[in-house]
Amino acid sequence: MSARRKQPPRNAKTVSATETTIKSTMDIQTPNDSIFAHPLLPTQTEAILLSLYPATLILGSLFTTLSPPLSNSTYSPTHQSYQPAAFAPSYFAQKRNIFNVYFVKLGWLWTTFALLVFLFTHPAHGRPLSLAPTAQRLRALARWTAATGLWYLTTQWCFGPALIDRSFVLSGGACALRAADKRGDIEISKIKSASSAVQCKIAGGTWSGGIDISGHVFLLVLASALLWLEVLPVVLRARGLREDRTVRDDDGTVIHAVPEGQAEREKAEVEVSGWGVKFVVGVVALMWWMLLMTAAFFHTWSEKLMGLIVAFTGVWAIYFLPRGVPAVRQILGMPGL
Ligand SMILES: CCCCCCCCCCCCCCCC(=O)SCCNC(=O)CCNC(=O)[C@H](O)C(C)(C)COP(=O)(O)OP(=O)(O)OC[C@H]1O[C@@H](n2cnc3c(N)ncnc32)[C@H](O)[C@@H]1OP(=O)(O)O
């Protein structure tokens with residue numbers, strides 16, 4: 001990364017940026033009074049992009065609510081799918097659709113891969129294709145670790161059942177015997193002791209009666225937001241657009257975040273930005289489509305809303321809290337700086 005210091009505007013001072021640990025500088029300019037200039041809130045561009053998530057959920061849900069029945073198949077909350085599956089209203093309304101099985105169900109793997117490709121091919125993080133552990137790469141991996149921890153606790157394991165399973169039981173759900181299986185060839189004790197959706201499925205029961213926070217909505221929102229929030233500052237800068245993010249400094253001053261050596265980096269980015277960014281954009285686009293399909297064909301309104309809220313809370317903690325709290329910023333840093 002270039003060591004050239006950006007000349008500050010006449011009414012601005014330049015200070016050592018995210019304290020001494022992020023090796024860049026920021027121009028201090030007095031941000032305007034707009035709500036988008038608050039360090040703990042998204043910028044205008046980010047707010048527009050984030051609003052696409054609730055808009056997508058509303059659009060998908062309205063589609064199925066308002067459209068006339070498309071087939072002889074009806075949605076069964078117990079099976080969490082259209083029954084009979086063969087008559088589901090769309091290919092995407094079937095659980096076995098290829099995009100669900102190989103993309104969403106392995107969503108965190110795809111997210112990790114896309115992020116690594118971006119981090120190790122884009123010059124904003126260090127020399128492309130070198131494995132050098134630059135500050136930018138290490139901080140991006142710290143943010144990935146935080147997001148991975150949240151994904152793991154929410155959907156896989158949280159000192160026992162995952163948060164999604166715990167909230168299902170707390171809201172009155174349990175593993176129940178399927179009506180068709182009341183023949184006695186099912187081990188009732190295993191069904192009664194099942195404390196997660198997976199255990200219940202293995203025991204041959206149905207996970208029913210509670211609020212089943214949509215794991216799909218949660219993962220697709222968290223993962224795609226992580227990816228585009230990592231890429232956005234680099235793309236904006238490469239296109240010569242203004243960087244609107246603000247941060248709160250140690251002394252409480254609110255300043256604009258602009259990295260050092262921007263001009264040199266932009267030149268390099270134009271040359272090499274290529275497929276790292278394009279791959280991320282492709283993954284995010286497919287995630288958005290699967291979110292729309294999930295909204296249209298699966299889960300109830302409240303389950304989708306809960307998935308969105310949990311994911312948004314994580315996104316805020318990893319990407320917006322660090323802007324307002326220097327101590328958190330020292331650990332997680334900020335994309336593009
Ligand atoms: C600096 C130098 C150092 C370098 C140093 C580098 C270090 C670099 C370290 C790298 C290290 C790598 C480490 C990687 C580590 C991983 O990334 S490994 C992770 C791989 N695993 C994954 O990605 C798993 C991701 N999947 C999941 O978490 C869960 O499957 C999900 C997505 C949350 C979904 O859970 P779910 O149980 O399906 O729950 P839910 O959404 O509520 O759906 C309920 C039902 O409705 C169905 N459904 C809902 N929506 C839909 C839909 N849209 N379509 C069809 N069906 C649907 C579901 O299929 C489900 O049906 P069942 O399967 O239960 O019958």
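UniProt positions follow the numbering used here, feature names are shortened, and annotations may be inferred rather than shown by experiment. On that basis, an unreviewed UniProt entry gives the annotation "active site" to His216 and His299. The model is predicted: local features need pLDDT of at least 70 and side-chain atom pairs count only at pLDDT 80 or more, while totals for chains, interfaces and linings use all residues. Residue numbers start from 1 along each chain as its sequence is written. Helices (H or I, at least four residues) and strands (E, at least two) are DSSP runs, numbered from the N terminus.

**Annotated sites**

- His216 is in helix α8.
- The feature "transmembrane region" is placed by UniProt (unreviewed entry) at residues 99-120, 217-236, 275-299 and 305-322.
- Residues 99-120 are 91% helix and 0% strand, and their end C-alpha atoms lie 26 Å apart.
- Residues 217-236 are 100% helix and 0% strand, with end C-alpha atoms 27 Å apart.

**Ligand shell**

- A residue is near a molecule or strand if its C-beta atom, placed from the backbone, lies within 6 Å of it.
- There are 26 residues around the ligand, of which Asn100, Trp108, Gly215, His216 and Thr294 come nearest.
- At least two shell residues each are supplied by α2 (98-104), α3 (107-121), α4 (135-156), α8 (215-238) and α10 (274-297).
- Helix α3 gives the largest share of the shell, four residues.
- The shell divides by class into twelve nonpolar, ten polar and four charged residues; Ala, Val, Leu, Ile, Met, Phe, Trp, Tyr, Cys and Pro count as nonpolar, Asp, Glu, Lys and Arg as charged, and the others, Gly among them, as polar.

**Helix packing**

- Axes are lines fitted to C-alpha atoms, for helices over the stretch in contact, and angles run from 0 to 180 degrees between N-to-C directions.
- Angles under 35 degrees count as roughly parallel, over 145 as roughly antiparallel, 65 to 115 as roughly perpendicular and the rest as oblique.
- Two residues are in contact if their C-beta atoms, placed from the backbone, lie within 7 Å.
- The axes of α3 and α4 come within 11 Å and cross at roughly 175 degrees, which means that α3 is roughly antiparallel to α4.
- Trp108, Thr112, Leu115 and Leu119 of α3 meet Arg137, Ala140, Trp144, Thr148 and Trp151 of α4.
- By class, the contact of α3 with α4 has six nonpolar, two polar and one charged residues.
- Helix α1 (residues 44-66) packs on α10 at an angle of about 40 degrees, the axes being 7 Å apart, so α1 is oblique to α10.
- In the contact of α1 with α10, nine residues are nonpolar, four polar and none charged.
- Helix α8 and helix α11 (residues 301-324) have axes 8 Å apart at an angle of about 30 degrees, and are therefore roughly parallel to each other.
- The contact of α8 with α11 holds twelve nonpolar, two polar and one charged residues.

**Backbone exceptions**

- Most residues other than glycine have a negative phi, and most peptide bonds are trans.
- The peptide bond from Gln83 to Pro84 is cis, with omega near -10 degrees, and Pro84 sits in the loop between β4 (81-83) and α2.
- Leu129, although not a glycine, has a positive phi of about 70 degrees; Leu129 lies in the loop between α3 and α4.
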